[in-house]
Amino acid sequence: MMRQWLDRMATRHGLDQAALLARRGVWGSMGALAVLQILGGWQMHASGQVALMPIIVRLLPLVLFLPSVVTKRPRGHVMLAFVSLLYILQGLMIAQVPGRLVWGVLETLAALALFVSAAAYARWRRQQLPG
């Protein structure tokens, strides 16, 4: 179902424009997810629930994929899409904590946007590349 939707998007907007939109989606959702990790982690740290190290650990996967995003590598975007699934699960778990529903939902939505845009970009970028 997602494959057909991606194909319709590429046909409607053109492959180059669709890839550009997906790339913007990757950057936007990655930035939103990073900000949510920092702010949510800082809020929990300020209340004495966690130390600073868990915040750094939660940001590390996003930082590690920055070279792949900057260099526009399709394979790196595919792996980033898979990693975003972990953030979706984390957001769902956070949403279950009393008083953290909004943070959990926001994280889940940002991670879902990252998954869709990274998978779309990887598909369209591979179609753009020769061979």
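In helix α6, the buried residues are Gly104, Glu107, Thr108, Ala110, Ala111, Leu114, Ser117, Ala118, Ala120, Tyr121, Ala122 and Trp124. Buried here means under 20% relative accessible area, exposed means over 50%, and partly exposed lies in between (1.4 Å probe, protein chains only). Helices (H or I, at least four residues) and strands (E, at least two) are DSSP runs, numbered from the N terminus. The cover over the buried residues of α6 includes α1 (2-13), α2, α3 and α5 (74-95).

This is a predicted model, in which local features need pLDDT of at least 70, side-chain atom pairs count only at pLDDT 80 or more, and totals for chains, interfaces and linings use all residues. Residues are numbered from 1 along each chain as its sequence is written, and side-chain values use heavy atoms, with hydrogens and water left out.

**Overall architecture**

The protein has six helices and zero strands, in the order α-α-α-α-α-α along the sequence. Its C-alpha trace spans about 55 × 25 × 20 Å along the principal axes. Of its 131 residues, 37% count as buried. Among contacts (heavy atoms within 4.5 Å) between residues at least 6 apart in sequence, 72% join residues at least 24 apart.

Two helices are set out below with their spans; the expected span is 1.5 Å times one less than the number of residues.

| Helix | Length | First to last C-alpha | Expected span |
|---|---|---|---|
| α2 | 32 residues | 46 Å | 46 Å |
| α6 | 28 residues | 40 Å | 40 Å |

After α2 comes Gly48, which has a positive phi near 85°.

**The cavity**

A cavity is a set of points, on a 1 Å grid over the protein atoms alone, where a 1.4 Å probe fits but cannot get out; its lining residues have an atom within 4 Å of a point. Grid points are joined across faces, edges and corners, and the volume is the space filled by probe spheres set on the points. The count comes to one cavity of 30 Å³ or more, and the largest cavity has a volume of about 50 Å³. Its lining consists of Leu36, Gly40, Gly41, Arg58, Ile94, Arg100, Trp103 and Glu107. Helices α2 (15-46) and α6 (101-128) each supply at least two of the lining residues, and α2 gives the most, with three. By class, the lining has three nonpolar, two polar and three charged residues. In this scheme Ala, Val, Leu, Ile, Met, Phe, Trp, Tyr, Cys and Pro are nonpolar, Asp, Glu, Lys and Arg are charged, and the others, Gly among them, are polar.

Arg58, one of the lining residues, is found in helix α3 (residues 53-64). Arg58 counts as buried because its relative accessibility is 16%. Gln37, in helix α2, is buried with a relative accessible area of 0%. The side chains of Arg58 and Gln37 make a polar contact at 2.7 Å. A polar contact is a pair of N or O atoms within 3.5 Å; within protein, one must be able to donate a hydrogen and the other to accept it, and residues adjacent in sequence count only if both atoms are side-chain atoms.

Not counting residues up to four places away in sequence, Arg58 touches Gln37, Gly41, Tyr87, Gln90, Ile94 and Glu107. With neighbours within four places likewise left aside, Gln37 is in contact with Ile55, Arg58, Leu59, Tyr87, Gln90 and Glu107.

**Arg126**

Arg126 lies in α6 and is partly exposed, at 45% relative accessible area. Beyond four places in sequence, Arg126 touches Pro74, Arg75 and Val78. Arg126 and Met1 are 125 residues apart in sequence, and their C-alpha atoms are 19 Å apart in space.

Key: 1 Å grid on protein atoms, 1.4 Å probe; cavity = no way out; pocket = protein on both sides within 12 Å on 5 of 7 lines; lining within 4 Å.
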